[in-house]
Amino acid sequence: MSAHTGTHMDAPFHFLKNGAGIDRMPMEATVGPARVLRIDDCDCVRPERLRRHRIRRGERILLRTRNSNRRWWRRPFFEDYAYLSEAAARLLARLRIRSVGIDYLSVSGFHADAAATHRALLSAGVWIIEGLDLSRAAAGRCDLICLPLRIQGADGAPARAFLRKRR
């Protein structure tokens, strides 16, 4: 099994030669209050869609796209999944969020520049969660607990993610 199978996390080392491995992820990156943003009417999440949500520094952001409605985990891999644009990744990096999660196997598009999107996030210290099942996640605030396997020096690892609606 690959470190990038199913629900998993990407460490900076995945795209940055001198980046941290998954074993160096601070717990604060993926444990604590988070927000699910429902953006399921587009193929590509662009900066203008994110600006509407008034994202704040230090937030943990989970993107519930049309991928969740497609129940992707029950289907063979498909190339036309919804993804985060490079420009949107740069915006999230400037906002200095802690982590971003998405409901497919990659935060970047299959035919888009995957390296640029990942590098924009990872070089800014934004940890990436991919392969989330957000099909039952309501938009809004929640508590997130997402912990990857602690594999020394690895560029990523399978993870288990839990969401709990905030009261």
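Arg 96 sits in the loop between α3 and β6, where helices (H or I, at least four residues) and strands (E, at least two) are DSSP runs numbered from the N terminus. The model is a predicted one, so local features need pLDDT of at least 70 and side-chain atom pairs count only at pLDDT 80 or more, while totals for chains, interfaces and linings use all residues. Residues are numbered from 1 along each chain as its sequence is written, and side-chain values use heavy atoms, with hydrogens and water left out.

Arg 96 comes after α3 and has a positive phi, near 55 degrees. Most residues other than glycine have a negative phi. Arg 96 counts as partly exposed because its relative accessible area is 42%; buried means under 20%, exposed over 50%, and partly exposed in between (1.4 Å probe, protein chains only). Another non-glycine residue with a positive phi is Arg 54, at near 50 degrees. Arg 54 belongs to the loop between α1 and β4, and with 63% relative accessibility it counts as exposed.

Helix α3 spans residues 86-94, and its buried residues are Ala 88, Ala 89, Leu 91, Leu 92 and Ala 93. The cover over these residues includes β3 (44-45), α1 (47-51), β5 (83-84), β6 (99-102) and α4. Helix α4 is mostly covered, with 7 of its 9 residues buried: Ala 115, Ala 116, Thr 117, His 118, Ala 120, Leu 121 and Leu 122. Among the elements covering them are β1, β5, α3, β6 and β7 (127-130).

Thr 117 gives a closer look at this packing. This residue of α4 (residues 114-122) counts as buried because its relative accessibility is 2%. Leaving aside residues up to four places away in sequence, Thr 117 touches Leu 84, Ser 85, Glu 86, Ala 89, Val 107 and Ser 108, a contact being heavy atoms within 4.5 Å.

One of those contacts, Glu 86, also takes part in a salt bridge, in which its side chain meets that of Arg 90 (2.9 Å, N to O). A salt bridge here is a side-chain nitrogen of Lys or Arg within 4 Å of a carboxyl oxygen of Asp or Glu. Both residues lie in helix α3, 4 residues apart, or about one turn of the helix. An α-helix has 3.6 residues a turn, so residues three or four places apart point the same way. Arg 90 is partly exposed at 38% relative accessibility, and Glu 86 is partly exposed at 33%. Elsewhere, salt bridges that share partners join Arg 35, Glu 59 and Arg 141 into one network.

The structure holds 10 salt bridges. In the one between Glu 59 and Arg 35, the closest N and O atoms are 2.9 Å apart. That pair links distant parts of the chain, 24 residues apart: Glu 59 is in the loop between α1 and β4 (60-64), and Arg 35 is in strand β2. Glu 59 counts as buried at 11% relative accessibility, and Arg 35 is buried with a relative accessible area of 11%. Asp 41 and Arg 49 form another salt bridge, at 2.7 Å from N to O. Here Asp 41 is exposed, with a relative accessible area of 57%, whereas Arg 49 is buried, at 16%.

The largest pocket holds about 460 Å³ of space. On a 1 Å grid over the protein atoms alone, a pocket is an open set of points where a 1.4 Å probe fits, with protein on both sides within 12 Å along at least five of seven lines, and lining residues have an atom within 4 Å of a point. Its volume is the space filled by probe spheres set on the points, which are joined across faces, edges and corners. The largest pocket is lined by 20 residues, with Asp 133, Leu 134, Ala 137, Phe 162 and Leu 163 nearest its centre. The elements that give two or more residues to this lining are β8 (140-148) and β9 (156-165). Strand β9 gives the most, with 7 residues.

Phe 162 turns up again in a nonpolar surface patch of about 390 Å², together with Met 27, Ile 145 and Leu 147. Patches are made of residues with over 30% relative accessible area and no salt bridge; like charges are joined within 9 Å, and nonpolar side chains (Val, Leu, Ile, Met, Phe, Trp, Tyr) within 5 Å. Accessible areas come from the Shrake-Rupley method with a 1.4 Å probe, and for residues only the protein chains shown count as cover. Met 27 is found in the loop between β1 (8-10) and β2 (31-38).
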